[in-house]
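Good morning. I have one structure to go through, and I will keep it short. Please look at the screen.

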Amino acid sequence: MFTIEHEFDATVITLVDEGGDLPLMEDIVINAFEDCVTVEQADPQTDEVLRITLSMTQLRDLAAALNLPEGSYRLERKA
């Protein structure tokens, strides 16, 4: 399950683990800003929220990598 909310300066996507596999993982919150995307997840052992920030270039590369076979790649911008 997931939710999508539009905030003033970001789109917030929350991914809820409803899988049949146990143990279930903590929710993941993705904040999409104009210049970056953050991925947050609570660490149940420390009660701290862990955050990763991706630039838009890194996000583009990640999206491409999900559909490519093993290897090393460099995406080039179209002029």
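**Surface patches and overall build**

Let me start on the surface, where Glu26, Asp27, Asp47 and Glu48 gather in a patch of negative charge. Keep in mind that this is a predicted model.

Where is Asp27 found? It sits in the loop between β2, residues 11-15, and β3, residues 28-32. Asp27 has a relative accessibility of 35%, so it counts as partly exposed.

Phe2 belongs to strand β1, which spans residues 2-6. Is Phe2 buried or exposed? Its relative accessible area is 55%, so Phe2 is exposed.

Now the chain as a whole. Reading from the N terminus, the order of the elements is β-β-β-β-β-α. The radius of gyration is 15 Å, while the globule rule gives 12 Å for 79 residues; the value for the chain is well over that, so the chain is more spread out than a compact globule.

Two more numbers go with this. Along the principal axes, the C-alpha atoms fill a box of roughly 45 × 35 × 25 Å. Of the 79 residues in the chain, 13% are buried.

That is what I have for today.

Conventions
Residues are numbered from 1 along each chain as its sequence is written. This is a predicted model: local features need pLDDT of at least 70, side-chain atom pairs count only at pLDDT 80 or more; totals for chains, interfaces and linings use all residues. Side-chain values use heavy atoms; hydrogens and water are left out. Patches are made of residues with over 30% relative accessible area and no salt bridge: like charges are joined within 9 Å, nonpolar side chains (Val, Leu, Ile, Met, Phe, Trp, Tyr) within 5 Å. Accessible areas come from the Shrake-Rupley method with a 1.4 Å probe; for residues, only the protein chains shown count as cover. A salt bridge is a side-chain nitrogen of Lys or Arg within 4 Å of a carboxyl oxygen of Asp or Glu. Lys and Arg count as positive and Asp and Glu as negative; His and the chain ends are not counted. The place of a charge is taken as NZ of Lys, CZ of Arg, CG of Asp or CD of Glu. Helices (H or I, at least four residues) and strands (E, at least two) are DSSP runs, numbered from the N terminus. Buried means under 20% relative accessible area, exposed over 50%, partly exposed in between (1.4 Å probe, protein chains only). The radius of gyration is taken over C-alpha atoms; the globule rule is 2.2 Å times the number of residues to the power 0.38.
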